[in-house]
Amino acid sequence: MNSLHSMPFGAALQDGGGVRFAVWAPGVASLGLELAPAGARDEDPWTVHAMQAQQDGWYTLTLPDANAGDRYCFVLPDGLRVPDPASRRNAQDVHGPSTVVAPLAYTWHDADWRGRPWHEAVVYEMHVGTFTPEGTFAAAQQRLAELAKLGITAIEIMPVADFPGRRGWGYDGVLLFAPGATYGTPDEFKALVDAAHALGMMVLLDVVYNHFGPEGNYLHAYCGKFFNPAHHTPWGAAINFDGDGAANVRSFFVHNALYWLEEFHIDGLRMDAVHAIRDDSATHIVAEICAAIASGPGRERAIHVVLENELNQARWLERDNAGRPLLATAQW
């Protein structure tokens with residue numbers, strides 16, 4: 001069984017061949033895409049293509065000869081080269097080019113997995129970079145049986161969204177769709193999840209939707225609407241969940257949540273510091289994400305949303321008449 005989560009942005013392999021690139025960049029009047037075929041050296045010449053401007057600040061381009069393994073970046077009018085904010089892989093760290101990924105290349109072995117009910121959760125928090133001497137997904141996979149033997153039924157993996165450098169605690173991620181290259185490839189992360197399921201363990205993933213890290217976040221250079229200066233946070237202007245252009249920002253984060261659950265078979269999300277998310281919309285972004293999960297992958301298997309919430313608001317924990325969560329499963 002293979003899995004793909006389709007998104008309106010990023011690099012997507014096309015059924016008939018080629019790759020479609022799409023990015024929201026309302027802060028620039030033009031945008032280029034620089035591409036190097038798989039196997040090309042850094043010193044080899046890269047080809048620059050003009051992207052096509054669409055409505056509302058979107059830019060798209062379909063290249064019929066592009067393929068998985070190709071590296072690419074977006075080129076701003078001032079010459080600055082930036083990675084794709086929806087990059088599925090950034091092998092040369094957060095300042096380097098993105099890589100076109102074939103999500104369907106990994107074959108899953110957990111077709112019968114339906115998750116576990118929350119009352120069975122015995123949670124082990126794992127930092128991939130420190131769990132083993134190697135600090136990789138592959139090395140962690142080799143030690144999962146030890147956790148299962150201890151009675152662990154759920155692994156909560158601290159944030160893996162790509163961050164600058166080789167080691168970090170994870171809360172400074174800037175490429176939210178790209179598993180940290182220092183830990184391994186997307187397929188190696190999938191193999192870790194697959195192996196955990198084979199041992200009867202759920203995998204929860206820590207996600208950070210309240211801020212980006214201070215290094216490697218290029219969104220300010222071409223997409224200022226991604227932030228709303230009307231809300232001040234400890235990290236500067238808040239992520240724009242309720243201002244001009246917020247619909248595209250909200251879509252980005254809803255897709256991110258579904259991406260991990262569908263493409264990586266993650267069993268739940270631990271949302272970091274939801275009390276620090278600034279959103280005055282009629283429907284809070286956390287509620288929108290929970291609804292998208294319930295109407296999507298949550299219809300087929302048990303998926304749990306756990307909130308870190310210093311305000312301890314009981315409204316996130318409402319249940320229906322059968323005792324099932326209407327929003328979050330738990331919070332701390």
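Author: Two strands are said to pair if DSSP finds at least two bridges between them. Strands themselves are DSSP runs of E with at least two residues, and helices are runs of H or I with at least four, numbered from the N terminus. This is a predicted model, in which local features need pLDDT of at least 70, side-chain atom pairs count only at pLDDT 80 or more, and totals for chains, interfaces and linings use all residues. Residues are numbered from 1 along each chain as its sequence is written, and side-chain values use heavy atoms, with hydrogens and water left out.

Reader: How do you know that β14 and β17 pair?

Author: Strand β14 (residues 202-207) and β17 are joined by 4 bridges and run parallel. Pairing asks for at least two bridges, and the 4 found here meet that.

Reader: What joins β17 to β18?

Author: Again there are 4 bridges, and β17 and β18 run parallel. L269 stands opposite V305 in β18, and M271 stands opposite L307.

Reader: Which strands form the parallel open sheet, and in what order?

Author: The order is β10-β11-β14-β17-β18-β19, which makes 6 strands.

Reader: What makes β10 and β19 edge strands?

Author: β10 (123-126) and β19 each pair on one side only.

Reader: What is the pairing in the sheet of 4 strands?

Author: That open sheet has the order β1-β2-β6-β5 and antiparallel pairing. Its edge strands are β1 (10-13) and β5 (52-53), each pairing on one side only. Between β1 and strand β2 (residues 19-24) there are 4 bridges, and A11 has F21 as its bridge partner in β2.

Reader: Why are α6 and α7 called oblique?

Author: Helix α6 (residues 246-263) and helix α7 (residues 285-295) pack at about 40°, with their axes 10 Å apart. Such axes are lines fitted to C-alpha atoms, for helices over the stretch in contact, and the angles run from 0 to 180 degrees between N-to-C directions. Under 35 degrees counts as roughly parallel, over 145 as roughly antiparallel, 65 to 115 as roughly perpendicular, and the rest as oblique. The pair α6 and α7 is therefore oblique.

Reader: Which residues of α6 and α7 meet?

Author: R250, F253, V254, A257, L258 and L261 in α6 meet I285, E288, I289, A292 and I293 in α7. By class, this contact of α6 with α7 has 9 nonpolar, no polar and 2 charged residues. Nonpolar covers Ala, Val, Leu, Ile, Met, Phe, Trp, Tyr, Cys and Pro; charged covers Asp, Glu, Lys and Arg; the others, Gly among them, are polar.

Reader: Where does α6 pack on the sheet?

Author: α6 touches β14 and β17, where contact means heavy atoms within 4.5 Å. The direction of α6 makes about 140° with that of β17.

Reader: Which residues of α7 are called buried?

Author: Buried means under 20% relative accessible area, exposed means over 50%, and partly exposed lies in between (1.4 Å probe, protein chains only). In α7, the buried residues are I285, V286, A287, I289, C290, A292 and I293. These buried residues pack against α6, β17 (268-271) and β18 (304-307). In β17, G268 and R270 point one way and L269 and M271 the other way, and all are buried.

Reader: Is D93 buried, partly exposed or exposed?

Author: The relative accessibility of D93 is 24%, so D93 counts as partly exposed. D93 is in the loop between β8 (81-82) and β9 (98-99), and has a positive phi of about 75° although it is not a glycine.

Reader: Why is N312 placed in its accessibility class?

Author: N312 has a relative accessible area of 52%, and the cut-off for exposed is over 50%, so N312 is exposed. N312 lies in the loop between β18 and β19 (330-331). The phi of N312 is positive, about 55°, although N312 is not a glycine.

Reader: What makes A38 partly exposed?

Author: A38 has 45% relative accessibility and therefore counts as partly exposed. A38 is found in the loop between β3 (32-36) and β4 (47-50).

Reader: Which residues is A38 in contact with, leaving aside its neighbours within four places in sequence?

Author: A38 is in contact with A68, G69 and D70. A38 and A66 are 28 residues apart in sequence and 9.2 Å apart in space, C-alpha to C-alpha.
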